[in-house]
Amino acid sequence: MGRLYLSPPDMSGSERERLLQAFDSNWITTMGAAVDGFEADVVAFTGAEAAVALASGTAALHLALVVAGVRSGDEVWVSTLTFAAPANAVVYTGASLRFIDSDRTTWNMDPELLAAALAEAAAADRLPAAVIVVDIYGQCAELDRIGELCDQYGVAVVEDAAEALGATWQGRSAGTWGRLGAFSFNGNKIITTGGGGMLVGDAELVDRARYLSQQARQPVLHYEHVDVGYNYRLSNLLAAVGSGQLAELPGKIERRHAINRAYRAGLADVDGVDFMPWDDRGSPNGWLTLITLDPSTGLTPHELCAALESQDIEARPAWKPMHLQPVFADVPTVGGEVAAELFDRGVCLPSGSAMTDDDVDRVVEAVTGALTNG
Ligand SMILES: *Cc1c(COP(=O)(O)O)cnc(C)c1O
């Protein structure tokens, strides 16, 4: 039996052919028909106003903050339950951070905590320059409410939809709720280019990001610069893979949902195991299936992951919240207990769209064995 990975690449359609087409066109650079095509495909798929293809999701978040006007001395608020990229992007701008805890229905930024923190900050005349709301594990945050709150105070929303391409909230696509949104095509995301990202949103801001992502070159023959730029564009070769992957996304979402249902059915009778809730105001993309272990199981996420590892199954604890990371030890945090508890109990199970039903059964048996044999 082969090793089961958490979320390996799943190349199933036209990706290889498109990659070779781009190669043969000799546009082996950060522009070309495949880059333009991939941007248009993401706009068509999500309904975003505009899109620019970038080298990573982290680059997309960084540029989002830059074009939203965030600068040194500002504050940016970020969901604490996340991968480190959005917090790092804030540090790149020189702004300072504040973390906000999760709610229990979406596991994302708690709108009640945000409301209270915004009211307090407004009273002290210390409103943040932006809020980065993360859609964790492919499920959207309560984006309507968070958007309304931020609008009320004139605070820009950047949606980190790196894990949530193809998810919706109240029928609207993940990534399109804030003024700007970021996607990632890293190797373990629901679709991948082997590294890449996309910034979507307000057309004027996206245009500005496109300009900055190409070293801020003025439109003249010689090299003229009036701004400091970045080298953040996506390769045309990788963009070709991206369009091929995106064409397959609906099928991949369907498969990940089926895997989630199979885990729920297979582990239904195991005491102390619960699943990350899916809020029915949205439709998650099913990127990863997460279980939570009640303390009564006597097993920690690390112990369960070790048991699975011994059977060549990759599993991981839930994201360690940013407010518990040594690198961000000094960052003020609103709440934090919910995200800390999710980290103490949560385990990500293999969820790749190429998994077979037998693969899922193998994981179910391994989890059941670990939890019932002590
Ligand atoms: C993967 C990820 C990113 C960063 O994307 P990269 O393309 O790897 O730079 C940002 N935010 C979250 C929540 C992620 O999971």
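I count rings of Phe, Tyr and Trp (its six-membered ring) as a pair if their centres lie within 6.5 Å; planes under 30 degrees apart are stacked, those over 60 are edge-to-face and the rest are tilted. The model is predicted, so I require pLDDT of at least 70 for local features and 80 or more for side-chain atom pairs, while totals for chains, interfaces and linings use all residues. Residues are numbered from 1 along each chain as its sequence is written, and side-chain values use heavy atoms, without hydrogens and water.

**Aromatic rings.** I find that ring pairs join F83, W107, Y137, W287 and W319 into a cluster. The count of aromatic pairs comes to 7. I note F99 and F328 as an edge-to-face pair, 5.6 Å centre to centre with 70° between the planes. F99 lies in strand β3 (residues 96-100) and F328 in the loop between β13 (316-317) and β14 (333-334), so the pair ties together parts 229 residues apart in sequence; strands are DSSP runs of E, at least two residues, numbered from the N terminus.

**Burial.** I take buried as under 20% relative accessible area, exposed as over 50% and partly exposed as in between (1.4 Å probe, protein chains only). F99 is buried at 0%, and F328 is buried at 5%.

**Charge over a ring.** I require NZ of Lys or CZ of Arg within 6 Å of the ring centre and within 35 degrees of the ring normal. R172 lies over the face of W177 at 4.2 Å from the ring centre, and R264 over that of W278 at 5.7 Å.

**Cysteines.** I searched the whole structure for disulfides (cysteine sulfur atoms within 2.5 Å) and found 0. For C348, the nearest cysteine sulfur is that of C305, 7.8 Å away.

Conventions:
Helix = DSSP H or I, 4+ residues; strand = E, 2+ residues; numbered from the N terminus.
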